[in-house]
Amino acid sequence: MRRQVNWTPYSDEDRCAFVAEWYDPNAALLRRYQLLYYTKDGSVEMFDMKSNRVFLKRTKYEDLHVEDLFVGNKINVFSRQLQLIEYADQYTARKLGSKKEKTLAVIKPDAFAKMGAIIELILSADLTITKMKMVLLTRKEAVDFYLEHQTKTFFNDLINFMISGPVIAMELLGDEAVCAWRRLMGPTNSATARSEEPNSLRAKFGTDGTKNATHGSDSVASAARELEFFFPTSGGRGPSNTAKYSDCTCCIIKPHAVSAKCTGTIIREIMDAGFEISALQMFKIEIANAEEFYEVYKGVVAEYSDMLVELCAGPCIAMEIRGEDAPKRFREFCGPSDPEIARHLRPKTLRARYGKSKVRNAVHCSDLPEDGLLEVQYFFKILEN
Ligand code: CMP
C-alpha cells in the first residue's frame, strides 16, 4: 500500500512507525493515525491517515518508551489511549519484532509461599515483569475476573480458592509472552502437569485441577482484558493492596537489583528467613517522590543526590515486611548499608551478596522502628493513590 502521508523520510535517525487507532467518543468513530516514535530523543509525531494532515507535531513525550511499542499494545499519548494496530514499515517490524506481547500472570494462594522461586523462573525465561501487585481479591472481584467460567461445575470451588489468600498479579512482557508463560506453567491440572511436564510450575507448585499455582491469559485479547482488570489504565483503581500497617517495616528492592533480575531471589530469601511479606508492589518513582521519601537523609547522608537518582532509575519493588521486632531484625538481615563493609562483617546478608556500592546496595530498609510504618504508608497509601 502506498502511503500518502508526507512524513519525514528516513534519515540516519532511528524512527519506528505504527498504524494506531483511537476511538473518538464524540464522533463515535475509530480514527487511524500514523504514529512515529523517534528513539533518540523520545519524541512522537502523528498524522491523521484520512486527512493526510499532521495531527501531532513532533513532540517529546517522556511517558512513552520503546518497550511499550509493539502491535497489540495500548499506549497513552497525551491522555489519548491508542491501540497499535500494525507496524507501518518493514524496518519497524524487523526492529521491534512482531513477537513482543504482554500477558497477565497470577501466582495463586496455594503457591503464594513459593512466589520467590516462581519469579526467579519467570525472569530466567527471559520474561520481564513490568507490573506487579499483591492483592487479596474480594468475592465480587474473583467472580468478575472468572466470569467466563460461571456456568462450570468447578466455579464455586475456584472462587473460594481464589479468595482464600493473597495473590500476586504481574504483567509480563516478552517474545510471544502469552505462549511463553503458558508453556512455563504447564497443563492446567497439576496432576497432569506432574506426569506430562514435570518441570513446569504447576507440576512443581500446584495441587490439583483448581489449586494449580498459577494463572495465565489464554490469548493476546484476554491478556489485554485481564491486565486491565488488575492494572487499570483507563480510570478505576483495580483490586486494593494488602498492606496491614502494623508491626511492620519497609523494604524496597532498588532499581539496579530489579534490573539485574534479583527480585525473585531476594523475595525468596526474605521469606525463607521467616519474615512475612504482607504487601508488595512495583512502583516507578518520580524524582519529587524520591525527594519526599528520602527527606530524612537530606544533609545527613553524603550520597543523598545519588540515592534519588538510583530510586528513579527504573522500577523498584516496595514491600511491607512483618514479624516480631521486624524493623530491627530486618535491618540486621539486610546488613550494613555499605556492601563492601557488609561483605567483610556480615557476608551472608542481602547487601553483602546483592549490593554493588553504597548507593546501589540492593535494598532499602527502614532505619528506625517509627519510620517503618511511615515508609509503608508512603508507598501503599500515598503513592498508590
Ligand atoms: P486458570 O488458568 O486460572 O483458569 C481457570 C481456572 O479454573 C483454572 O486455572 C483452574 O484453577 C480452574 N479449572 C479449570 N478447569 C477445571 C476443572 N476441570 N476442574 C476444576 N477446576 C478447573
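Ser 305 comes out as partly exposed, because its relative accessible area is 48%; the labels used here are buried for under 20% relative accessible area, exposed for over 50%, and partly exposed in between, with a 1.4 Å probe and protein chains only. Keep in mind that this is a predicted model, where local features need pLDDT of at least 70, side-chain atom pairs count only at pLDDT 80 or more, and totals for chains, interfaces and linings use all residues. Residues are numbered from 1 along each chain as its sequence is written, and side-chain values use heavy atoms, with hydrogens and water left out.

Ser 305 belongs to helix H12 (helices are DSSP runs of H or I with at least four residues, strands are E runs of at least two, both numbered from the N terminus). Helix H12 covers 304–311, and in the loop that leads from there to strand S13 (316–322) you'll find Ala 313. Ala 313 reaches 54% relative accessibility, so it gets the exposed label.

Glu 291 is another residue to look up, this time in helix H11, which spans residues 287–293. With 38% relative accessibility, Glu 291 falls in the partly exposed class. For contrast, go to strand S9 (residues 167–175), where Ile 168 has its place. Ile 168 has 0% relative accessibility and therefore counts as buried.

How do these residues sit relative to others in the chain?

| Pair | Apart in sequence | Apart in space |
|---|---|---|
| Glu 291 and Thr 349 | 58 residues | 27 Å |
| Ala 313 and Tyr 23 | 290 residues | 34 Å |
| Ser 305 and Leu 29 | 276 residues | 48 Å |

Now for the ligand. Which residues are around the ligand? The list runs Lys 108, Tyr 146, His 149, Phe 154, Leu 158, Thr 188, Arg 202, Gly 209, Thr 210, Asn 212 and His 215, where being near takes a heavy atom within 4 Å. Sorted by class, that shell holds 3 nonpolar, 6 polar and 2 charged residues. (Nonpolar here is Ala, Val, Leu, Ile, Met, Phe, Trp, Tyr, Cys and Pro; charged is Asp, Glu, Lys and Arg; the others, Gly among them, are polar.)

Some of those neighbours make polar contacts, meaning pairs of N or O atoms within 3.5 Å. Tyr 146 places a polar side-chain atom 2.5 Å from an oxygen atom of the ligand. For Arg 202, a polar side-chain atom is 3.1 Å from a ligand oxygen atom, and Asn 212 likewise has a polar side-chain atom 3.1 Å from an oxygen atom of the ligand. On its own the ligand has 460 Å² of accessible area, and the protein covers 74% of that (Shrake-Rupley method, 1.4 Å probe).

Ala 213 has a phi near 70°, a positive value in a residue other than glycine. Ala 213 sits in the loop between helix H7 (201–205) and strand S10 (214–216), and it's buried because its relative accessible area is 0%.

Ala 362 is another case: its phi is positive, about 70°, although it isn't a glycine.

Last stop, helix H10. Why is helix H10 described as largely enclosed by the rest of the structure? Because 8 of the 10 residues in helix H10 (residues 263–272) are buried. Those buried residues are Thr 263, Gly 264, Thr 265, Ile 266, Ile 267, Glu 269, Ile 270 and Met 271. Just after H10 comes Gly 274, with a positive phi of about 95°.

How values were computed:
Polar contact = N/O pair within 3.5 Å; in protein donor to acceptor, adjacent residues only side chain to side chain.
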